Amino acid sequence: MSPTTPRLPRRALPALAALLLALPVACSGPGGAREAGAPASRPPLAERVSADTSPALRAFYDQRLDWTPCDAVADPADQDEPDLQCATLKVPLDYADPGGRTTDVPVARVPAADPGHRTGALLLNPGGPGISGVTLARRWKGNQGPLRDHFDLIGFDPRAAGGTLPVHCLDDRTRDQWTSTDDPAYDHGQVLADACRAKYADLLPHLGTRDTARDMDVLRGALGERELDFLGLSYGTYLGALYAEEFPDRTGRLVLDGAVERSTDLMHLNGEQAVATEAAFRAYAAGCAADGDTCPLGSDPAAAAQRLAGFLDGLKDHPLPAHDGRTLTAALAWTGVLDALADGHRNWPRLRAALDPALAQGEADDLLKLADGTTGRDEDGHYDTAADAYAAIHCADAPLAPTDADLRAALADLAARAPLTSRHDTRVTLLDPDCRRWPYRSTERPHTVTAAGSAPILVIGGTEDPVTPYAWAQRMAAGLQHGVLLTREGDGHMSWDRSGCVRDAVAAFLVDGVLPAAGTRCASD
């Protein structure tokens with residue numbers, strides 16, 4: 001997860017955003033063959049109102065959201081969607097001091113399309129961390145499947161993301177250098193830590209996932225729900241798992257797709273992800289080589305992967321000029337390529353369209369556009385806040401300060417297991433984000449989330465997911481006291497939009513409480 005070679009989960013941010021825009025608008029009905037037991041019974045909606053909060057927090061839980069039509073200025077498409085509603089939730093900045101400073105959380109709601117069969121509210125989180133949940137709700141307003149029929153779809157902005165305590169540490173010029181430099185002496189961690197400390201020192205301790213999980217419980221109360229139903233994607237799975245750990249008795253039906261499991265430290269997770277990314281990188285090169293003479297990497301699959309890595313690394317010494325006066329560096333090229341690989345083989349044509357001109361003619365523009373999409377840079381040279389949010393949330397979740405011995409051992413392992421995708425800078429591959437100089441030292445520690453006493457939780461993993469390796473889904477499901485693993489065969493990050501079988505299973509569980517049978521495996525579409 002390096003600044004110059006974005007990895008989990010920032011590398012997936014643009015790919016995930018594109019995925020959200022392309023989510024299927026219809027899902028087939030749930031199949032009974034997956035039933036692992038009788039559907040869980042649910043009390044009537046009027047009875048599902050929690051009033052068991054502490055007195056100091058009761059005012060937050062007792063608030064009611066004032067829903068109004070969303071501002072069409074934020075998204076012009078909203079003017080044709082009168083059912084899309086927005087509100088603001090108030091939460092404590094510091095849950096240790098609920099009577100102190102408060103903050104506002106933007107919330108969006110798409111009311112159930114079939115009110116007569118409404119099940120309740122379904123909270124959505126797109127992961128990142130650093131992606132707006134309000135944006136996700138806006139994109140899902142056209143979904144006409146079972147979830148859209150039975151649930152009010154609720155999106156909210158997690159801390160540091162969107163409109164909730166957004167952090168924007170680096171100015172555009174500094175961010176340009178931060179993302180593009182190939183200088184091994186450039187200290188990305190120090191530059192970002194200094195900038196964030198100068199602007200947000202008082203906020204940084206309150207931007208972690210556990211605080212956002214507590215915000216979700218306040219939102220649950222404000223929505224009038226006794227239990228939380230939740231669909232978390234990518235890093236949203238960690239948010240859902242921490243919610244279940246904090247509030248096991250308030251979990252309803254949780255679906256966690258593309259699991260981020262934190263039983264070990266971030267350095268070792270980064271190493272595991274690099275291995276999965278290496279497989280995707282080699283698969284792409286082999287796919288190109290299979291096209292024979294049309295592939296600029298040649299016809300030998302093994303040599304093709306080496307040639308592609310060599311070209312990307314070669315940009316350190318021979319960067320390519322772009323027509324806008326900018327330069328395609330090795331850091332930017334690796335960023336664009338690895339992000340494109342996150343979407344699996346269905347994104348290979350787009351990646352090849354950007355790579356072929358660079359390889360054959362030295363044309364940098366298309367590959368530079370891929371990198372800009374990853375780093376959040378628009379055509380005017382302005383950056384969004386996702387990258388800063390990513391670092392702020394990660395460093396609040398799991399401070400990374402490995403010993404020299406641990407780092408040396410991890411670097412040796414990485415060089416052996418992912419020699420191509422880590423070769424640009426193995427150190428920053430492991431230290432992404434680099435929290436060693438972060439001004440706030442979190443008390444969070446890696447651990448297995450068991451969520452003892454929770455309701456059953458559905459965990460979904462793809463066997464060739466290059467962003468959240470399948471082993472993470474296996475570990476998360478095994479660690480949860482009531483975890484159930486659903487496996488999708490195939491590549492690409494997350495499974496919801498890649499398999500009708502997965503969508504049917506998710507609908508069966510969320511709508512009817514029917515879990516897939518143990519060992520269920522779904523094919524990709």
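Analyst: The lining of the largest cavity is made up of six nonpolar, seven polar and one charged residue. Here nonpolar means Ala, Val, Leu, Ile, Met, Phe, Trp, Tyr, Cys and Pro, charged means Asp, Glu, Lys and Arg, and the others, Gly among them, are polar. The model is predicted: local features need pLDDT of at least 70 and side-chain atom pairs pLDDT 80 or more, while totals for chains, interfaces and linings use all residues. Residues are numbered from 1 along each chain as its sequence is written, and side-chain values use heavy atoms, without hydrogens and water.

A cavity is a set of points on a 1 Å grid over the protein atoms alone where a 1.4 Å probe fits but cannot get out, and its lining residues have an atom within 4 Å of a point. Points are joined across faces, edges and corners, and the volume is the space filled by probe spheres set on them. Six cavities of 30 Å³ or more are counted. The largest has a volume of about 100 Å³. It is lined by 14 residues, of which P129, P158, T209, Y235 and L239 are the closest to its centre. Helices α7 (209-222) and α8 (236-246) are the elements that give two or more residues to this lining; a helix is a DSSP run of H or I with at least four residues, numbered from the N terminus.

The second largest cavity has a volume of about 80 Å³. Its lining includes Y238, R262, H447, R475 and M476. Both α8 and α17 (470-479) supply at least two of its lining residues, and α17 has the largest share, with three. This lining divides into five nonpolar, four polar and three charged residues.

Ring centres of Phe, Tyr and Trp (its six-membered ring) within 6.5 Å make a pair, stacked if the planes are under 30 degrees apart, edge-to-face if over 60, and otherwise tilted. There are five aromatic pairs. Y235 and Y238 form an edge-to-face pair because their centres are 5.6 Å apart and their planes stand at 65°. Y235 has a relative accessible area of 3% and Y238 one of 4%, so each counts as buried (under 20%, with a 1.4 Å probe and protein chains only).

Y238 has a further contact: R262 lies over its face, 5.3 Å from the ring centre. For this, CZ of Arg must be within 6 Å of the ring centre and within 35 degrees of the ring normal.

Technical notes:
On a 1 Å grid over the protein atoms alone, a cavity is a set of points where a 1.4 Å probe fits but cannot get out, and a pocket is an open set with protein on both sides within 12 Å along at least five of seven lines; lining residues have an atom within 4 Å of a point. Buried means under 20% relative accessible area, exposed over 50%, partly exposed in between (1.4 Å probe, protein chains only).
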